[in-house]
Amino acid sequence: MSLSGVLADFRQDPAFMRCVTAWERIPARSAHVAPWPAALDPRLIATARERGIKQPYTHQVQAIEAALAGQHVVLSTSTASGKTLAYNLPILHTLLNDADTCALYLFPTKALAHDQIANLKLQAASCKAQVAVRPYDGDTPSSQRPAIRREARLLITNPDMLHIGILPHHTRWARFFGNLRYVVLDELHTYRGIFGGHVANVLRRLRRVCRFYGSDPCFICTSATIANPRELAERLIEAPVTLVDDDGSPQGDKHFILYNPPLVDRQLGIRRSSTLAAKEIAIHFLHAGVQTITFARARLTTELLLGYLRDAVAAEGRDPQAIQGYRGGYLSSERRTIERGLREGRVRGVVATNALELGIDIGQLSACVMTGYPGTIASAWQQAGRAGRRVGTSVAVLVASALPLDQYLISHPRYFFGQPVERALLDPDNLAVLTNHLACAAFELPFETGERFGSVDDADALLDVLSEEGVLHRSNGRYTWIGEGYPAGRLSLRTGIPDNVVIQEMSDSVPSEWPFQKVNSAPRVIGQMDRPSAPVLLHAGAVYLHGGATYVVESLNWEDGLACVRAAELDYYTRASSTTDVRVLEEYLPSHGAEGTEKQGNAARGYGKVLVTTRATGYRKIKRYTHETLAWAPIDLPEQELRTIGYWLTLSEEITARLQKAGVLPPPTDYGPDWPAQRGAARARDGYVCRQCGAPEREGRQHDVHHITPFRAFGYVPGVNNFYRLANRLENLITLCAACHRRAERTRGARGPLSGLAYLLRNLAPLHLMCDPGDLGSAVQSRAPETGLPTITLYDCAPGGAGLSARIYELHDELLLAALDVARRCPCADGCPGCVGPTGDVGTGAKALTRQLLETIVEK
């Protein structure tokens with residue numbers, strides 16, 4: 001059956017169509033081509049024609065001509081529009097006609113870099129040109145590195161390797177930097193937020209080293225799915241950039257379907273699993289022979305879907321190894337084999353995290369299934385673009401999860417289809433980021449007094465601070481590095497914890513999994529995982545899924561970073577739960593010089609060191625397919641601590657009491673005189689286990705008892721009526737563990753105006769800070785442990801902080817006024833992602849209550 005046949009079946013299936021909230025068809029467009037640029041080397045034109053490219057697209061011609069003219073270029077067109085050819089041709093032209101010229105290709109991931117090498121080598125060989133194309137990254141053997149430094153003319157690497165392995169040792173690359181003519185920045189939209197700020201400073205260091213050796217390279221950038229490609233490119237390279245965005249590539253018919261799984265428990269608002277719904281939709285495509293990619297937001301979901309799809313394919317008598325997984329943690333050799341299998345058509349389906357969202361060549365896929373909203377509209381379109389990369393009909397299906405944001409988007413399709421993609425934001429002058437890179441730059445080359453660093457005018461002031469710290473020495477108008485070691489080695493561009501946990505299989509044989517054969521083997525490494533994720537995914541007893549194979553974690557040696565697993569055939573998987581707490585460690589001095597939190601009107605603001613503590617508490621064994629909870633067990637691992645910088649907003653005692661009286665903030669709830677007895681009776685009736693997941697009560701922590709119909713709905717007034725008796729009837733009570741209780745309250749929307757304000761502040765702050773929303777975390781406490789008062793905390797997600805919270809402290813008044821303006825102006829009735837959050841997340845009436853809360857805080 002063709003893809004069109006599958007889509008026709010879907011349209012005729014009433015059960016499927018009842019769940020479809022939108023079905024958009026994006027019509028095909030024809031190609032717009034132009035003659036080859038007259039200045040381009042004829043050998044390259046001949047080679048392109050041999051590959052079937054008779055004429056280039058219009059945007060390719062514009063980009064080639066701009067690059068050959070020495071202009072900085074950013075090319076922003078759709079997925080599979082030929083952006084690679086647009087930068088390869090002018091660079092190869094220059095390398096063919098100047099035997100000394102060099103070029104540097106920077107890709108955000110090693111996978112993207114390796115994807116380009118074979119293509120470049122083939123193009124160079126077709127022109128009978130001696131162009132040394134060389135990769136240089138963490139996987140490059142030490143024995144090969146000296147030859148690469150001597151010979152490379154086209155160097156392929158990533159920003160991390162440029163930062164830590166090339167720039168600090170630039171004297172070994174003198175030939176390369178002295179002849180560097182072009183720098184390619186691929187997938188520009190990934191360089192945003194904290195990571196983007198780091199990369200911008202790495203580029204400052206790169207251009208500084210190039211100037212030292214007498215070169216001034218031209219930058220060619222490519223991007224997709226962002227609203228501000230020229231602004232982002234100019235922010236990164238700090239120079240005017242020519243934008244090419246008139247897409248001349250053809251596009252086949254594309255169908256985009258928004259699918260909302262049906263409700264299975266209306267009382268608790270529980271929907272059918274998005275994982276199972278995505279599995280069924282993907283099976284329809286695979287059964288018809290349609291090559292399909294299925295995206296999942298988490299590693300566990302990826303492996304679950306992989307197992308489900310393999311089971312379904314095997315049940316039809318087909319090879320289950322034609323379905324593969326793809327995510328971080330797989331060995332690079334596994335990923336390369338899977339990519340090749342997709343291009344060659346041997347792999348008919350792949351289940352991936354966003355590791356395949358970027359432009360790795362995986363061939364002609366026709367269907368994309370997204371298991372949950374990927375977080376941004378830009379990412380959703382990027383993932384959808386992985387299907388239909390060449391001419392022909394394609395389809396993308398977004399299967400909504402039960403999360404509030406998913407539910408808002410799925411029920412308001414115009415918000416999804418009508419919004420422009422988000423803007424990529426970064427701030428290269430963030431003080432914490434900038435100071436670290438100034439130290440790296442000083443190690444590479446001494447600074448002269450008054451020397452600029454990119455667009456930074458007052459570099460001397462920061463260099464003086466580094467001198468006072470003893471890492472620089474100022475003498476005769478020059479700052480020279482005198483610190484120990486080299487600073488780049490201690491600075492991560494990703495600002496995450498670089499430490500990983502190695503996953504080692506303990507068995508006498510390797511399980512048979514395509515494309516590897518079963519062989520006798522000693523213990524072997526099958527993958528790795530970042531340490532913060534290990535407590536919930538690699539705890540003892542966890543089911544670890546890798547490449548469709550199932551393993552049980554026998555032990556996790558936390559100190560050594562080693563997880564030992566053993567292959568097992570199981571009909572269940574595991575899911576862990578965790579808790580997060582924020583505590584103030586140290587308050588910094590406010591602007592007026594008095595120590596402590598600064599009071600302003602009806603609220604107080606403060607910032608300083610905070611401790612964000614996350615602890616894995618326990619895990620459930622969940623039966624595959626039915627998702628029934630089979631058992632529960634505790635997790636005994638150390639808490640994960642993030643010491644960072646946070647900003648907090650605390651309401652005063654007087655205003656808290658006033659807002660409670662006015663009904664804006666909920667007062668302490670009086671559940672009536674029979675509550676202790678009824679609560680105990682409900683727990684006893686339910687056997688002291690969670691009715692949702694089956695977890696038993698733990699020592700020192702009783703389960704919660706949840707009102708199925710909210711207590712406040714009964715209108716109990718102490719001393720006036722006895723409606724508490726109706727509210728506290730056993731049939732209205734259910735025992736839930738803390739995690740399930742939070743989910744039930746979230747489904748009900750019981751978060752209120754504090755959460756609405758936190759949502760506003762967290763989403764508005766990046767617009768002022770020029771950071772990625774993921775660079776900030778937030779916490780809402782109805783009674784903070786330090787004060788006992790309602791408190792909202794925003795904190796940097798980077799260890800040690802990245803200067804964001806300090807800036808929020810300075811922007812306190814501006815942010816509150818901006819939040820109030822949004823709450824007043826937003827045309828929605830009762831909350832949406834554009835203001836206080838979706839109604840289902842913050843609760844009915846939350847928009848009006850949040851506006852009242854803001855008006856009270858900002859009033860003088």
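At 44% relative accessibility, Glu554 counts as partly exposed, a class lying between buried (under 20% relative accessible area) and exposed (over 50%), with a 1.4 Å probe and protein chains only. The model is predicted: local features need pLDDT of at least 70, side-chain atom pairs count only at pLDDT 80 or more, and totals for chains, interfaces and linings use all residues. Residues are numbered from 1 along each chain as its sequence is written, and side-chain values use heavy atoms, with hydrogens and water left out.

**Salt bridges**

The side chain of Glu554 meets that of Arg566 in a salt bridge of 2.7 Å, N to O. This pair links distant parts of the chain, with Arg566 in strand β24 and Glu554 in strand β23, 12 residues apart. Arg566 is partly exposed, at 36% relative accessibility. A salt bridge here is a side-chain nitrogen of Lys or Arg within 4 Å of a carboxyl oxygen of Asp or Glu. The structure holds 31 salt bridges, including those tabulated below.

| Pair | N to O distance |
|---|---|
| Arg566 and Glu554 | 2.7 Å |
| Glu344 and Arg346 | 3.0 Å |
| Glu151 and Arg134 | 3.4 Å |

Glu151 lies in helix α7 (residues 145–151) and Arg134 in strand β4 (residues 133–135), so their pair ties together parts 17 residues apart in sequence. Glu151 is partly exposed, with a relative accessible area of 37%; Arg134 is also partly exposed, at 26%. Arg204, Glu238 and Asp429 are linked in a network of salt bridges.

**The five-stranded sheet**

Helices (H or I, at least four residues) and strands (E, at least two) are DSSP runs, numbered from the N terminus. Five strands form an open sheet in the order β21-β20-β24-β23-β22, with mixed pairing; two strands pair if DSSP finds at least two bridges between them. Strands β21 (524–530) and β22 (543–546) are at the edges, each pairing on one side only. From one strand to the next, the twist averages 35°. Strands β20 (residues 500–505) and β24 (residues 562–567) pair in the parallel sense over four bridges, and Glu505 stands opposite Val565 in β24.

**Packing of α18 and α19**

Helix α18 (residues 431–444) packs against helix α19 (residues 459–468) at an angle of about 70°, with their axes 10 Å apart. The two helices are therefore roughly perpendicular to each other, a class covering angles of 65 to 115 degrees. In α18 the contact (heavy atoms within 4.5 Å) involves Leu431, Leu434, Thr435, Leu438 and Ala439, and in α19 Ala459, Leu462, Leu463 and Leu466.

Technical notes: Axes fitted to C-alpha atoms, helices over the stretch in contact; angles between N-to-C directions. Parallel < 35°, antiparallel > 145°, perpendicular 65-115°, else oblique.
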